[in-house]
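Welcome, and please load the structure in your viewer. We will go from one selection to the next, with a short note on what to look for at each stop.

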Amino acid sequence: MSPAALDDKPTAPAQPAAVKRTAALLSVVAAAVITLLKLLTGVLTGSLGMLSESAHSGIDLIAAAITLFSIQAADRPADEDHPYGHGKIESLSAFVETGLMLASSVWIVYEAIHRIAHRGRQLELPLTVWPFAVLILSIAVDFARSRSLRRVAAEQHSEALAADAVHFGTDLWASIAVLIGLCATKLGEILHRPALELADPIAALLVAAIILKVSWRLAHRTADNLLDATPAQDGQTAAQTRRKLVSDLRAIPGVISVDRLRTRRSGSGYFADLTLAMPRNLTFQRSEQITFAATEAIQRVLPGADVVVHPVPTASLAESVHDRVRAVASRANLSIHDVSIQHYDNALHLELHLEVDEKLPLSAAHELVTHLEAEIRKEVPSIDSILTHIESEPATIEVPEALERDREQARQLESTLRQVAAKFPEILDIHDIQVTSHHDRIQVNCHCTLPDELPMAEVHQVITALENAFKLAAPSVSRLLIHPEPATDNRR
């Protein structure tokens, strides 16, 4: 490959962990530089506003270092001792940062009140262009870092970087407040208005108020994450997010109700645990499809969420007596068919066919049937009598043979079947007839064409009548298997 072709190869996107670490490292460097400049300026000028700003920036430097450490630790994969991962470290670091911010605001308030109470003993502040230049530079750096951190935090769903962005944002407004205080102090010197000298400690109080307000919001959000509160998304409250999730889940076909929904956030990841009531006559595969749909519904609101769905078989209001009988058999992992219920003598009478293992002894099969009938009576007390036909379920694969030894007999059976079928006006066609034998038992298979609009109940009646009529005409046939097809699609 030529060098030019190598140069044209697209650059692989940076890994999320690397992006987060880079943003956190740049925050540490920026906070260190700004803190040093503010500290030097405060010492040289004696400005309480600048000293408080340097203290605030120092707190941001410690917070940025904690953020860098927490991001590196939180990105470690889950292990046996931490099955949910290490993402909570980000929330814990944000909580520590909140405590540091609150401590710095208390110290600033104390010093500002002390300066106001003893302002007559203060020395005149030797203001130069230096503090103004440092503050303007700080405002520019804070603005750039706050925007960058907020963008990366939103992209990577990082709580620690979001807290860092908040710190740089408070630095920005605090620096503006101190800049206004220094300007007012300088103006007081020029105009010989001593009262304007109070602007410096008042600016410090304003800084403390900003820190307190932001710290409260950060503490509230961090505490929610540590206490596994429902995470809020897309500018919604936690309650609105939960209502949307429940609404989306209930809209999935096959979900009767949402019995439980628990969501939590750990670092940049989400976890959801939900219990869904589903019709108990669903197949296992259909319940799996509903589970996938529920997972997608959660992940549309909480991207990348780790979802655990617990389905609960539930009797729906639309269940018929037939459904309830089949539900009892499914619960016992039994296969039944030809369920028939009659109503006479003011009671319900049930008939059904039960398939059991062909090697099962009669006594064991009878005990199985007795237990099944007892459970059915519990489920449907209105059933007065139950008649169960026990059938053996073949466990071996049969290898039928074509009726080669007597082709004439096979042709006669095919002709007989067509003659019998011609007596039924609903049957439009008989085709794909196959005659086989196994253990001296003859079986006939065929496809039967019927009108498209014929209801399945009538289809079953016609097929059953055809089977009975053909077996009367051909007693040597032990089994006739008919596949019904619509007239518009009968060649597949």
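Start by selecting Arg411 and Glu408, whose side chains meet in a salt bridge with an N to O distance of 2.8 Å. Both sit in helix H12 (residues 407–421), three residues apart, so about one helical turn separates them. Glu408 counts as partly exposed, at 40% relative accessibility. Keep in mind as you look that this is a predicted model.

**Colour by confidence**

Now colour by pLDDT. The protein averages 80, and 88% of the residues score at least 70. Helix H9 has the highest confidence, with a mean of 93, while helix H1 (residues 3–7) has the lowest, at 44. Select residues 1–14: the pLDDT is below 50 here, and the stretch has two contacts in the model beyond near neighbours in sequence. Residues 121–125 are also below 50, with eight such contacts.

**The three-stranded sheet**

Next, show E1, E2 and E3 as a cartoon. They form an open sheet in the order E1-E2-E3, with mixed pairing. Strands E1 (257–266) and E3 (306–314) are at the edges with a single partner strand each, so one side of each has no neighbour in the sheet. On average, neighbouring strands are turned by 10° against each other, direction ignored. E1 pairs with E2 (residues 269–279) in the antiparallel sense, over nine bridges.

**Asp273 and two arginines**

Which residue in E2 is the bridge partner of Arg262? Select Asp273, for that is the partner. The side chains of Arg262 and Asp273 also meet in a salt bridge, at 2.7 Å from N to O. This pair joins E1 to E2, so it ties together parts that are 11 residues apart in sequence. Asp273 forms a salt bridge with Arg260 as well, at 3.4 Å from N to O. Arg260 is partly exposed at 35% relative accessibility, and Arg262 is partly exposed at 47%.

Move on to helix H10 (residues 321–331), where Val325, Ala327, Val328 and Ala329 are buried. Show strand E4 (335–344), strand E5 (347–357), helix H11 (362–379) and strand E6 (383–393) to see what the buried residues of H10 pack against. After H10 comes Asn333, with a positive phi near 60°.

For the last stop, select Arg280, Glu319, Arg324 and Glu379, which are linked in a network of salt bridges.

Conventions: Residues numbered from 1 in each chain as written. Heavy atoms only, no water. Pairing = 2+ DSSP bridges. Helix = DSSP H or I, 4+ residues; strand = E, 2+ residues; numbered from the N terminus. Axes fitted to C-alpha atoms, helices over the stretch in contact; angles between N-to-C directions. pLDDT = per-residue confidence, 0-100. Contact = heavy atoms within 4.5 Å. Buried < 20%, exposed > 50% of the residue type's maximum accessible area, 1.4 Å probe, protein only. Salt bridge = Lys/Arg side-chain N within 4 Å of Asp/Glu carboxyl O.
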